[in-house]
Amino acid sequence: MGRTLAQKVYEQHVVRRTEGEPDLLYIDLHLVHEVTSPQAFDGLRAAGRTVRRPDLTMSTEDHNVPTTDLLAPIADPVSRAQVEALRKNTAEFGIRQAPMGTRDQGIVHVIGPQLGLTQPGMTIVCGDSHTSTHGAFGALAFGIGTSEVEHVLATQTLPQRPAKQMSVRVDGELPVGVSAKDIILAVIAEIGTNGGQGHVIEYRGTAIEGLSMESRMTICNMSIEAGARAGLIAPDETTFAYLRGREHSPRGADWDAAVAAWRELRTDEDAEFDREVVIDAASLTPYVTWGTNPGQGLPISASVPDPADFADETDRRAAESALAYMGLTAGTPMRDITVDTVFLGSCTNGRIEDLRVAAELLRGRKVAADTRMLVVPGSVAVKQQAEQEGLDAVFTEAGAEWRGAGCSMCLGMNPDQLQPGERSASTSNRNFQGRQGKGGRTHLVSPAVAAATALTGKLTAPADLQEVSA
Amino acid sequence: MDAFTTHTGTAAPLRRSAVDTDQIIPAEYLKRITRTGFEDGLFVAWRTNEPDFVLNKPEYAGASILVAGPDFGTGSSREHANWALLDGGFKVVISPRFADIFRNNSTKSGLLTVVLPAADVEALQDASEADPTLQVTVDLGAREVRWADRTVAFEIDDYTRWRLMEGLDDIGLTERHLEDIDAYEAQRPSWKPTTTPV
Ligand code: SF4
């Protein structure tokens, strides 16, 4: 029987296989950030261990970093201590570092691809669940806990078991104004936040093949919100074109050898998946979430659902508590929901294409009077690129705040937080209770919906704007 | 990691589904750089805002087994969620279904996660609600949860069970296979990237 792409990548990395034990899997790239690593470095020190392959390890500062005045010391002493611990640890163990404000700094899942470190067929891990982002390149990439971070630092391997295989096929043409974010929100609404549990998801089909690398990253990023640990897309010409000439991409004869190997990374015709989902791209519209988990999403044309309409008892209770937390009434059209804050950023939608889409909608217009819009590039390089293209001016002239790079309001570990009761439209990936600040209420949206929403102050699809101006 | 063989204690019924890691411990409590002391963040929003929250009830103050609805631990990879539960006095979490990373982390941190059928989870929730002093035994050796006159079997693979019962550190186990790692590295394609600045 044939094998899937994910199975092929997995098999290529098995260091040791013994009956009755997990496989030992080799890790090609280990990304490290300040939040989930300090205890791992302490563990190494306590046991007198070293880092086996500092040359396959890269660190950055992202979760805690303020997005204003990057060169000043961090005001919050606890955040500062965490960032300082990372600097001290990486210096001690010889790991490359990307300190705040320097060229390579940014959200860990933005900088890997940007540097060309993320390549097809690799195994990539990080102490962060959105490591699935890197699957966009046909890599097997997944999040790990701190004990595993320590294990990878010490041995460059991880004990693993093969995952089940799931196919999400999206065929057809996406309607105008519908983006990768809408695809993945629709997928999660369809299969649920546990739909991918125990599986690796391969996204396939003509609509996926037609996406840019950055859009593919948006989709793979949220595999974890569908319950899967990893999601991936077969590498193709789009992938190779993105990688060619990047800082860490192979060069010369190495490039040719690499591309030849990458072309083999495809699911066999006769491979079998444990689960298959098919979605018609043409049927998709902009999606927004109404609840407190990413599966609680609907087309923007819909209304807040009535918990009584959920057949399943658990779903009904979850919907009731979500509506209570979100301060929403069943039957309210999604388009009537007023937001206080719009957040454009995160490892889901903080890349240059995301900023371009939003800027295009904001150009020459103004953010609604009572709405605050925060634009946080995913990395320093994205920020610099946007500034070269003049996007920063578009945002600031529209009345949005142009910030430094980091995770920012995606999780509010830095000062960028919602106040209790405040409501956001956010391009990030989690609408959990309190995720963006205690008592904050989050609606997950695409960059285009975020920008349109900023202009009107209510959840708005980009197409609604054209109607207004026409 | 402490060895886990069998544990007997009282249970707290947490009748919620999809308890995500931001509820177990919000991001602002992740800034500590030590491996302990995370109990202050455990379910802090619910503990602060919901007087009826099960862990606010004095009769469950000493509970060491958390009995939760399906999809416990969805969201982030933060092992701090495991540590916060351990620091908060829990040794075991029982649920019909766990998020993958949370469950995987639990096999490293020494918090035991036990999957039971939904009907049994509900029966245990009912029983510990009726009698908060109910003694519940989680027996890893026998792969059983027992309370009152009930015995419910659970599944766990032999290898993980052995490692937990011995309290063995994964790194130590892997280090017995360094020659295999050396051999693998020797045949990796030379064009694979390194992080060394170019
Ligand atoms: S942007 Fe958000 S989801 Fe992404 S790594 Fe940062 S905190 Fe995690």
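Q: Which residues does Cys410(A) touch, not counting those up to four places away in sequence?
A: Leaving out those sequence neighbours, Cys410(A) touches Phe343(A), Ser346(A), Ser428(A), Asn429(A), Arg435(A) and Gln436(A); contact means heavy atoms within 4.5 Å. This is a predicted model, in which local features need pLDDT of at least 70 and side-chain atom pairs count only at pLDDT 80 or more, while totals for chains, interfaces and linings use all residues. Residues are numbered from 1 along each chain as its sequence is written, chains are lettered from A and ligands numbered from 1 in the order in which they are written, and side-chain values use heavy atoms, without hydrogens and water.

Q: Is Cys410(A) buried or exposed?
A: Cys410(A) counts as buried, at 7% relative accessibility. Buried means under 20% relative accessible area, exposed over 50%, and partly exposed in between (1.4 Å probe, protein chains only).

Q: Where does UniProt place the feature "binding site"?
A: The unreviewed UniProt entry places it at Cys347(A), Cys407(A) and Cys410(A). These residues span 64 residues in sequence, yet no two of their C-alpha atoms are more than 8.8 Å apart, so they gather at one spot. UniProt positions follow the numbering used here, feature names are shortened, and annotations may be inferred rather than shown by experiment.

Q: And what is Cys407(A) in contact with?
A: Apart from neighbours within four places in sequence, Cys407(A) is in contact with Asp62(A), His63(A), Ile107(A) and Phe343(A).

Q: Changing topic, how many residues of α6(A) are buried?
A: In α6(A), 10 of its 12 residues are buried, including Ile183(A) and Leu185(A). Helices (H or I, at least four residues) and strands (E, at least two) are DSSP runs, numbered from the N terminus.
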